[in-house]
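Here are a few notes from one colleague to another. Have the model open while you read.

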Amino acid sequence: MSKSRSSLTLLLALIAGCAATPAPTPAPEIREQRQEAPSVETVPVQVWLRLENATTQMSDEEVVAELVKLGKPSDAHEKFYFGLLNHQLDTYSNWRQARNAFREVRRDAEASPGLRQLAGIMERYNRTRVEDYKDRAQLLGKIDSLEDKLEMQQEERQLLEEKIQAITDVETSMSTRKEE
């Protein structure tokens with residue numbers, strides 16, 4: 001799991017770096033239009049990225065304590081934090097809760113565009129974790145079934161070998177009697 005957390009942290013850092021990288025100087029006409037258009041907030045995204053980084057440093061006990069303290073989240077910011085905390089725990093049910101919390105943030109019209117975008121990334125990541133867990137559980141079930149079949153076939157093979165040996169012993173015994 002640390003590999004996936006590291007990958008996620010790297011991905012989030014790259015996204016943050018892309019957001020912080022200044023764009024090339026636009027043409028004068030475009031510059032005038034850009035001044036009128038609302039700018040994407042990079043500062044709040046940086047805050048959420050730092051919070052994500054802080055949650056990765058927490059132990060499971062600290063995460064659970066924070067979840068208890070947080071209770072039921074009410075606004076987009078609390079839901080995002082709730083999602084981050086659940087994201088850190090390595091259980092299927094927590095990943096589902098994280099996915100659902102991030103989905104709610106992504107759909108929240110009152111959340112900032114940067115937070116909604118970041119929540120969308122986290123939602124997709126946790127959705128993948130949930131699907132992978134289901135696939136893995138399904139494969140483990142198939143493995144168990146195949147192991148049971150193998151064990152049954154080995155027992156049948158053993159019984160057949162014993163029957164063959166018994167028939168061979170009977171034939172040997174009959175052959176010995178005929179010779180006498």
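1. First, the ground rules. This is a predicted model, where local features need pLDDT of at least 70 and side-chain atom pairs count only at pLDDT 80 or more, while totals for chains, interfaces and linings use all residues. Residues are numbered from 1 along each chain as its sequence is written, and side-chain values use heavy atoms, leaving out hydrogens and water.

2. How many aromatic pairs does a search of the whole structure find? It finds four, counting rings of Phe, Tyr and Trp (its six-membered ring) whose centres lie within 6.5 Å; planes under 30 degrees apart are stacked, over 60 edge-to-face, the rest tilted.

3. Take F80 and F102: they sit edge-to-face, 5.3 Å centre to centre with 65° between the planes. F80 is in helix α5 (residues 76–88) and F102 in helix α6 (residues 92–107), 22 residues apart; helices here are DSSP runs (H or I, at least four residues), numbered from the N terminus. F80 is buried at 1% relative accessibility, and F102 is buried at 0% (buried is under 20% relative accessible area, exposed over 50%, partly exposed in between, with a 1.4 Å probe and protein chains only). Ring pairs also bring W48 into a cluster with F80 and F102.

4. Now look at Y92 and Y133, a stacked pair: 4.8 Å centre to centre, 25° between the planes. Y92 belongs to helix α6 and Y133 to helix α7, so the pair ties together parts 41 residues apart in sequence. Y92 is partly exposed at 22%, and Y133 is partly exposed at 39%.

Technical notes:
Helix = DSSP H or I, 4+ residues; strand = E, 2+ residues; numbered from the N terminus.
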